Amino acid sequence: MPKKTFKSIKKSGNEAIVQVKGNQKYLLKNCQKATDKIKPRDKHISQEKSRNRIETRKVEIFNDSLKYFSANIKKQWGEYIKIIIRVDRTRKEFNTLDKKWKKSFERSYYISTIKLSVSEFAKAIRGHWAIENRNHCVKDVTMKEDNSRIRIKADLFARLRSFALNAMRANQVENISQELYKNALNIKGLLGRVIHS
């Protein structure tokens, strides 16, 4: 997220919690360096089990981290960063073919314009991932939005995909991919209504 967006957020009287990604490499390196040098103020650990997967999330918050930032990053971001959040996600997925657990680890960094409790940060970040998984991931994977070669009025087609997804959600469709397949095989259903039930 560009610095000017943070400026607009603060000017409008709002706050933000934003993931620092690889395209902001200097800010990311400074977040990594700072959290390696100081102890977390607090931490929150949660675990979620579903089908063949167990995910453990550890959320840690770091105060007074700006003193470990480079002068340039501190000058650019200092007025916006009130706290750094580090999230460790450890996943264990059971592979039914070879009957083994596969383990993976992911670490993410977030910056916040507001100080909250660690449990509030954990809830907010988890809520964002729920939106990501429920909407963006479905549009990217099932509806192949990222692979789209549409260049003229691409925003219109993005809205149409969102409309279709919302129509399916309104009809309590659980498996979007399966419903799209069923609709593709049913020409009467396609022409007669949005969703085949």
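How do β1 and β5 pair, and over how many bridges? They pair in the antiparallel sense, over 4 bridges. Strands count as paired if DSSP finds at least two bridges between them. Helices (H or I, at least four residues) and strands (E, at least two) are DSSP runs, numbered from the N terminus.

1. Basis. This is a predicted model: local features need pLDDT of at least 70, side-chain atom pairs count only at pLDDT 80 or more, and totals for chains, interfaces and linings use all residues. Residues are numbered from 1 along each chain as its sequence is written, and side-chain values use heavy atoms, with hydrogens and water left out.

2. The sheet. It is open and has 5 strands, in the order β1-β5-β4-β3-β2, with antiparallel pairing. The edges are β1 and β2 (42–50); each has a single partner strand, so one side of each lacks a neighbour in the sheet. From one strand to the next, the twist averages 25°. Axes here are lines fitted to C-alpha atoms, for helices over the stretch in contact; angles run from 0 to 180 degrees between N-to-C directions.

3. Take β5 as the reference. Val-18 stands opposite Ile-111 in β5. β4 and β5 pair in the antiparallel sense over 13 bridges. In β5, Ser-108 is the bridge partner of Val-87, and Arg-107 is that of Asp-88. The hairpin of β4 and β5 has 4 residues between the strands, and Lys-99 in this hairpin takes a positive phi near 55°.

4. Helix α2: length and faces. The helix covers residues 25–37, which is 13 residues. At 1.5 Å a residue α2 should span 18 Å, and its end C-alpha atoms are 18 Å apart, which agrees. The expected span is 1.5 Å times one less than the number of residues. Leu-27, Leu-28, Asn-30, Cys-31, Ala-34 and Thr-35 of α2 are buried. They cover an arc of only 160° around the axis, which puts them on the same side of α2. That arc is taken from the directions from the helix axis to the C-beta atoms. Tyr-26, Lys-29, Asp-36 and Lys-37 are exposed, on the face turned away from the buried side. Buried means under 20% relative accessible area, exposed over 50%, and partly exposed in between (1.4 Å probe, protein chains only).

5. What covers α2. The cover over its buried residues includes β1 (17–20), β3 (53–62), α3 (71–77), β4 (83–95) and β5 (100–112). Contact means heavy atoms within 4.5 Å.

6. Salt bridges around Glu-55. The structure holds 11 salt bridges. Each is a side-chain nitrogen of Lys or Arg within 4 Å of a carboxyl oxygen of Asp or Glu. Glu-55 takes part in one with Arg-53, with the closest N and O atoms 3.0 Å apart. Glu-55 also forms one with Arg-57, at 2.4 Å between the closest N and O atoms. Glu-55 counts as buried because its relative accessibility is 4%. Arg-57 is buried too, at 10%. Arg-53 is partly exposed, at 31%.

7. A cross-strand pair. Glu-60 and Arg-86 meet in a salt bridge (2.8 Å, N to O). Glu-60 lies in β3 and Arg-86 in β4, so the pair ties together parts 26 residues apart in sequence. Both residues are buried. Elsewhere, salt bridges that share partners join Glu-48, Arg-53, Glu-55, Arg-57, Arg-91, Glu-106 and Arg-126 into one network.
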